[in-house]
Amino acid sequence: MIDDAVLETHRQELRRGTVVLACLRLLERPGYGYGLLEDLAARGFETDTNTLYPLLRRLEKQGHLTSEWNTDEARPRKFYRTSSTGRALAVALTTDFRAIATAVAGLPEED
């Protein structure tokens with residue numbers, strides 16, 4: 001029997017890198033924070049605001065995302081988009097993720 005808290009800790013570690021990849025791929029089309037949170041959740045990447053917004057700022061600072069404010073609506077929103085270096089990072093991470101998934105699939109399973 002696995003302790004729920006221990007399992008959740010390991011799940012969070014496992015998801016951490018996949019959220020970066022998911023953001024880079026989803027932001028091929030411009031998106032704002034809350035909309036991205038909903039899109040991530042709908043696709044199985046449960047993320048909270050305390051994780052997402054620092055991640056977006058970090059990826060932007062590293063040059064993997066660009067942003068611009070949209071003030072056309074009543075509530076201004078900062079829209080993010082994956083940059084060319086972000087797309088290259090997403091391609092590399094996707095390749096690595098697929099290799100890891102293949103390696104995990106080849107591991108022995110308990111009956």
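Trainee: Which backbone oxygen does the side chain of threonine 82 reach?

Mentor: First, this is a predicted model, where local features need pLDDT of at least 70, side-chain atom pairs count only at pLDDT 80 or more, and totals for chains, interfaces and linings use all residues. Residues are numbered from 1 along each chain as its sequence is written, and side-chain values use heavy atoms, leaving out hydrogens and water. Threonine 82 sits in strand E3 (strands are DSSP runs of E, at least two residues, numbered from the N terminus). At 2.5 Å, its side chain reaches the backbone oxygen of leucine 24.

Trainee: Is threonine 82 buried or exposed?

Mentor: Buried means under 20% relative accessible area, exposed over 50%, and partly exposed in between, using a 1.4 Å probe and protein chains only. Leaving aside residues up to four places away in sequence, threonine 82 touches Cys23, Leu24, Leu27, Glu28, His64, Leu65 and Arg87 (a contact is heavy atoms within 4.5 Å). Its relative accessibility is 3%, so threonine 82 counts as buried.

Trainee: What is the strand order in the open sheet?

Mentor: Strands of a sheet pair through backbone hydrogen bonds, either parallel or antiparallel. Here, two strands count as paired if DSSP finds at least two bridges between them. E1 and E3 (residues 77-82) pair antiparallel over two bridges, with glycine 31 opposite tyrosine 80. The edge strands, each pairing on one side only, are E1 (31-32) and E2 (65-70), and the order is E1-E3-E2.

Note on methods:
Helices (H or I, at least four residues) and strands (E, at least two) are DSSP runs, numbered from the N terminus. A polar contact is a pair of N or O atoms within 3.5 Å; within protein, one must be able to donate a hydrogen and the other to accept it, and residues adjacent in sequence count only if both atoms are side-chain atoms.
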